[in-house]
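Subject: Handover of a structure

Dear colleague,

Please find below the structure that I am passing on to you. The notes that follow it set out what was found.

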Amino acid sequence: MSLAEALITTDLRGALPLVARGKVRDLYEVDDKTLLIVATDRISAFDVVMENGVPGKGVYLTQCTTKWFEIIQKAIPQLRTHFLTLNLPPQIPEYLRPVLQNRSMQVRKFKVFPIEAIVRGYLTGSAWKEYQQHGTVHGIKLPPGLKESQAIPTGPIYTPSTKAEAGEHDQNIHPDEGMYYLGSSKIIGEPYAATIASLSLQIYKAAHAYAYERGLIIADTKFEFGLDTEGYHIVLVDEILTPDSSRFWPKDSYEVGRSQESFDKQFLRDWLTEHGLKGKEGVLMSDEVVKKTSAKYKEAWEIIAGRE
């Protein structure tokens, strides 16, 4: 398959059992300790998956994630991740390999904490809206008089949310709530909540410094973590620091006091809003939207990797 074609779904013809299909990724079981994550070219906005895909998106996401694993582990040697290899498992038939290669990674299987570990370095999106109304972000009090897109003067903040079930929406929570009970369900509990908060901030700061040197601002991002029950270690899992999970801004056009151009799905979100399609099912993106969105993902990858 060339990057001119979009891979909407995968069918391994029984080579590996399907565990789940997410909005973007298809998850297969390699063995009792290993999973195969395949990033398709599906794209979602406002919690709805579009009918058509963005060619090459899954390749850019996978390559971007593995590059970041390499960068972050150099900066934080003690950090553990679930990543094993980009090589496909031997069970995959030869005729399927060209389709799956470069968009798939084998990872270790861990129990994933039901929380989105979000780090915000700048006032934008829902954080800016909350700040305008209450002077807070996720209940955290910030200094008065800040402007849209301004770097948070006290430094990046950890602002987690719950991970909602399919069809539900994530719920923003104060960092302290991750350590206690929400309703009748304990989210994480100590000491894991404090470790996740600390690691999230360390990863964000290392990634922000790397990207900033290359002309890219990471305004905010989200991580997921799992638990290695054999050693009870916290492990970074899922994708990281891609245009799907992060807000990337070009440094050369950054200006405080307004919204920013971005390397993520904002172009798609704006198009959906303008055409009255926000949150609607069965939407077919126009060719222009597909091309411009693909170009943004490709440009972000080239900046991060330093090569085409």
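**The enclosed space**

Helix α1 gives three residues to the lining of the largest cavity, the largest share of that lining. The model is a predicted one, in which local features need pLDDT of at least 70 and side-chain atom pairs count only at pLDDT 80 or more, while totals for chains, interfaces and linings use all residues. Residues are numbered from 1 along each chain as its sequence is written, and side-chain values use heavy atoms, with hydrogens and water left out.

Helices (H or I, at least four residues) and strands (E, at least two) are DSSP runs, numbered from the N terminus. Cavities and pockets are found on a 1 Å grid over the protein atoms alone: a cavity is a set of points where a 1.4 Å probe fits but cannot get out, a pocket is an open set with protein on both sides within 12 Å along at least five of seven lines, and lining residues have an atom within 4 Å of a point. Grid points are joined across faces, edges and corners, and a volume is the space filled by probe spheres set on the points.

The structure has one cavity of 30 Å³ or more. The space in the largest cavity comes to about 50 Å³, and its lining consists of R25, I37, A39, L61, T62, T65, R103, M105 and E239. Two or more lining residues come from each of β3 and α1 (57-75). Sorted by class, the lining has four nonpolar, two polar and three charged residues (Ala, Val, Leu, Ile, Met, Phe, Trp, Tyr, Cys and Pro count as nonpolar, Asp, Glu, Lys and Arg as charged, and the others, Gly among them, as polar).

**The second largest pocket**

The volume of the second largest pocket is about 200 Å³. Its lining is made up of D32, K33, R108, K109, F110, K111, L227, D228, T229 and E230. Seven of these residues are charged, two are nonpolar and one is polar.

**An open sheet**

Five strands make up an open sheet with antiparallel pairing, in the order β1-β2-β3-β7-β6; two strands pair if DSSP finds at least two bridges between them. The edges are taken by β1 (18-21) and β6 (83-85), each of which has a single partner strand, so one side of each is left without a neighbour in the sheet. On average, neighbouring strands of this sheet are turned by 30° against each other, direction ignored (axes are lines fitted to C-alpha atoms, for helices over the stretch in contact, and angles run from 0 to 180 degrees between N-to-C directions). Strands β2 and β3 run antiparallel and are joined by six bridges. D31 has T34 in β3 as its bridge partner.

**Strand β9**

All six residues of strand β9 (residues 115-120) are buried, so the strand is largely enclosed by the rest of the structure. Here buried means under 20% relative accessible area, exposed over 50%, and partly exposed in between (1.4 Å probe, protein chains only). One face of β9 carries I115, A117 and V119 and the other E116, I118 and R120, and both faces are covered.

**Salt bridges**

A salt bridge is a side-chain nitrogen of Lys or Arg within 4 Å of a carboxyl oxygen of Asp or Glu. By this rule there are 19 salt bridges.

One of them joins R42 and D26, with 2.8 Å from N to O. R42 lies in the loop between β3 (34-39) and β4 (44-45) and D26 in strand β2 (residues 25-31), so this pair ties together parts that are 16 residues apart in sequence. Both R42 and D26 are buried. A network of salt bridges links R21, D26 and R42.

Another joins K296 and E261, whose closest N and O atoms are 2.8 Å apart. K296 lies in helix α6 (residues 287-305) and E261 in the loop between β18 (246-250) and α5 (266-274), so the pair ties together parts that are 35 residues apart in sequence. K296 is buried at 17% relative accessible area, whereas E261 is partly exposed at 43%.

With kind regards
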